[in-house]
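Here is my note on the model you sent. The points are numbered so that you can check each against the structure.

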Amino acid sequence: MFSKYLFLVFLSARGYNNNGKHRYPGPATAARGRVVDLRSDTVTKPGPAMRQAMSEAEVGDDVMKEDPSVNELQQIAADMFRMEAALFVPSGTMSNLIAVMVHCRERGDEMIVGDLSHLHIYEQGGSAQIAGVHSTTATTLPDGAFDLEELESKIRHDYPDPHYPRTRLICVENTHNVKGGRVLPLTFLQEVRALADRYGLSVHMDGARVMNAAVAQRVAPSTILQHTHTVSVCLSKGLGAPVGTVLAGPRDFISKAVRCRKALGGGMRQAGILAAAGKMALLEMVERLEEDHRNAKTFAQALLDCDPPLFAVDMAAVETNIVRFHLQPSFSPSEFCDRMGQVGEGEEAALGQGIQVLMYPYFGNSVRAVWHLGISPEDTQLAIRKMQFVASQFLKEKVRAQ
Ligand SMILES: Cc1ncc(COP(=O)(O)O)c(C=O)c1O
C-alpha cells in the first residue's frame, strides 16, 4: 500500500497521472534556444493578416442571428461542404455533442462510435453525461475505418422491444487522430452511408481535420462529405483560427442544433471577431496544409533513416500532418519526449544552438508529433537534427552503462 503511494507520488512528480499515462505538459516555460512545438495543431496563433481581419470584422448579436461575419462564415462553410446549412460553435467537442444531441433526440437512443475515436475517448463521455445517449463501440482499424460486418452487427433491430436502446447514429472520424492522421477511404465512407441508409440511421463525421483529408486525397471536401449527413469541422487546428468549429448538415438539423448550442452555453454574442478568423481559415489556409503533410513525411523518413536505428514508423500511414511512431523498447516514449523537450548536455556545442522539440507520448506506447502552420521546413530540419542528437546520446549512454 505504502509503496503504491510512493509510486503514485513519483509518477505525479514526473507529470504522469495515476494510470501511468503522460499528462499533457505545458509549453516550455524557460525556453533555451529554438522551440519547435509539435504537440498539436491546436497551438497555432493567428498571424498579422488574421488579426487584422478580426479587428476589422463587422459584428452583431449572433444569438439574434445578426452577426454578419458569423452569417457569412456559416454560408461559406455550407457552400464548401455542399450542406444545406452550417452553425458556428465554440469548439469541436461542443460541435460533436450537439450533433449527437440532435441525431439522438429520444431517451434510449444509441450511437455507434469508434473505440478509439476522439468522441469516445477525449470528450469526457459528454454524449452520456450531458446528452443521455448510450454508446456502443466499433473496433477502430489501423486506417481509422471499421469492419463493415462488425459495424452492421452493432445495429440493434429490436425497437420497440423495451429491453433495448434504439440505434440512431454512426459516427466516423476523418482524419483519425489516434491512428495518426489517417484518411478514411472514400469507398469505406460510401459503404458506411449505404449501410446507414439501409437501416434508416444517420452518419456524423467528426471532421475536425477533414480539410487535411481532402488535401491528402486531392478532392473537394464535399466529395468526402456527400457520404455523411452532418459534419463537424474545426477551424482552430491546422487551419489556424484561434477559436471555433463549424457544424454543418440539413437545415432542420441545424435549426435544432441552434437550440442545443444555446442550452450548452455556446450562444456567443459578437462572435464575428472569431468568425472573421474562421473565414480566413476556410478560404485561405486550406492549400497550405499540403506543406504540413510534406514536413510530416520528411520527419517520418528521417526517423526511419536515423542511425542508430531506434524508431519504427509506417510511412504509408503518414498521410497528413500527424506522425505516430514507436521506439525501441529500451527507450520509453516519455523519456524520448523529455529529452527532445530539454536542451541536453553538449547540445549547443554539437548543434550550434539549443533546440527544444515538444511532442507527446501517445496511445499504444507511441509518440505523436503534429505539423501545423507554426512549423516551417527549417523547423522540421531542426527537429530532425535534435532527434538524431537525442538518439546518438541515448546510444552512447547505453554503451557507457554496459
Ligand atoms: C478528432 C478531433 N475531434 C474533436 C476534437 C475537439 O476539438 P476541440 O478541442 O475544439 O474541442 C479534437 C481536438 O483535438 C480532435 O482531434
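1. Is His157 buried or exposed? His157 counts as exposed, because 9 C-beta neighbours lie inside 10 Å. The cut-offs behind such words: buried means 20 or more other C-beta atoms within 10 Å of the residue's own, exposed means 12 or fewer, and partly exposed is in between, with C-beta atoms placed from the backbone. His157 sits in the loop between helix H7 (148–153) and strand E5 (166–173). Helices (H or I, at least four residues) and strands (E, at least two) are DSSP runs, numbered from the N terminus. His157 and Asp61 are 96 residues apart in sequence; in space their C-alpha atoms are 45 Å apart.

2. Basis of the note. This is a predicted model: local features need pLDDT of at least 70, side-chain atom pairs count only at pLDDT 80 or more, and totals for chains, interfaces and linings use all residues. Residues are numbered from 1 along each chain as its sequence is written.

3. The annotated lysine. An unreviewed UniProt entry places the feature "modified residue: N6-(pyridoxal phosphate)lysine" at Lys237. UniProt positions follow the numbering used here, feature names are shortened, and annotations may be inferred rather than shown by experiment. Lys237 lies in the loop between strand E7 (230–234) and strand E8 (245–249). Lys237 is buried, with 26 other C-beta atoms within 10 Å. Neighbours within four places in sequence aside, Lys237 is in contact (C-beta atoms, placed from the backbone, within 7 Å) with Asp41, Thr42, Ala208 and Arg209.

4. The ligand shell. Residues around the ligand include Thr42, Ser91, His118, Asp206, Ala208 and Ser236. The cut-off is a C-beta atom, placed from the backbone, within 6 Å of the molecule. By class, the shell has 2 nonpolar, 8 polar and 2 charged residues. Here Ala, Val, Leu, Ile, Met, Phe, Trp, Tyr, Cys and Pro count as nonpolar, Asp, Glu, Lys and Arg as charged, and the others, Gly among them, as polar.

5. The unreviewed UniProt entry gives "domain: Aromatic amino acid beta-eliminating lyase/threonine aldolase" for residues 37–324. Over residues 37–324 the chain is 41% helix and 16% strand. The end C-alpha atoms of that stretch are 15 Å apart.

6. Nonpolar cores. A nonpolar core is a set of buried Ala, Val, Leu, Ile, Met, Phe, Trp, Tyr and Cys residues joined through C-beta atoms within 7 Å. The largest has 75 residues, and Ile98, Val100, Val246 and Leu247 touch the most other members. Helix H12 (residues 272–284) gives the largest share of this core, 8 residues. Another core, of 35 residues, lies apart from it and includes Val318, Phe336, Leu358 and Leu382.

7. Strand E3 (residues 109–114). Of its 6 residues, 5 are buried, so E3 is largely enclosed by the rest of the structure. Strands pair if DSSP finds at least two bridges between them. E3 runs parallel to E5, joined by 4 bridges. Met111 has Leu169 as its bridge partner in E5. With strand E4 (residues 134–138), E3 pairs in the parallel sense over 5 bridges. Ile112 has Thr136 as its bridge partner in E4.

8. Helix H9 (residues 210–217). H9 is mostly covered, with 6 of its 8 residues buried. These buried residues pack against strand E6 (202–206), helix H10 (221–225), E7 and helix H13 (289–305). Just after H9, Arg218 takes a positive phi of about 55°.

9. The open sheet. Its 4 strands run in the order E9-E10-E13-E12, with antiparallel pairing. Strand E9 (311–312) and strand E12 (360–362) stand at the edges with a single partner strand each, so one side of each has no neighbour in the sheet. E9 and strand E10 (residues 322–327) are joined by 2 bridges. Phe311 stands opposite Leu327 in E10.

10. Backbone points to check. The Tyr159 to Pro160 peptide bond is cis, with omega near 10°. Pro160 lies in the loop between H7 and E5. The Asp307 to Pro308 bond is also cis, with omega near 10°. Pro308 lies in the loop between H13 and E9. Asn365 has a positive phi, near 60°. Asn365 is in the loop between E12 and strand E13 (366–370).

How values were computed
Two residues are in contact if their C-beta atoms, placed from the backbone, lie within 7 Å.
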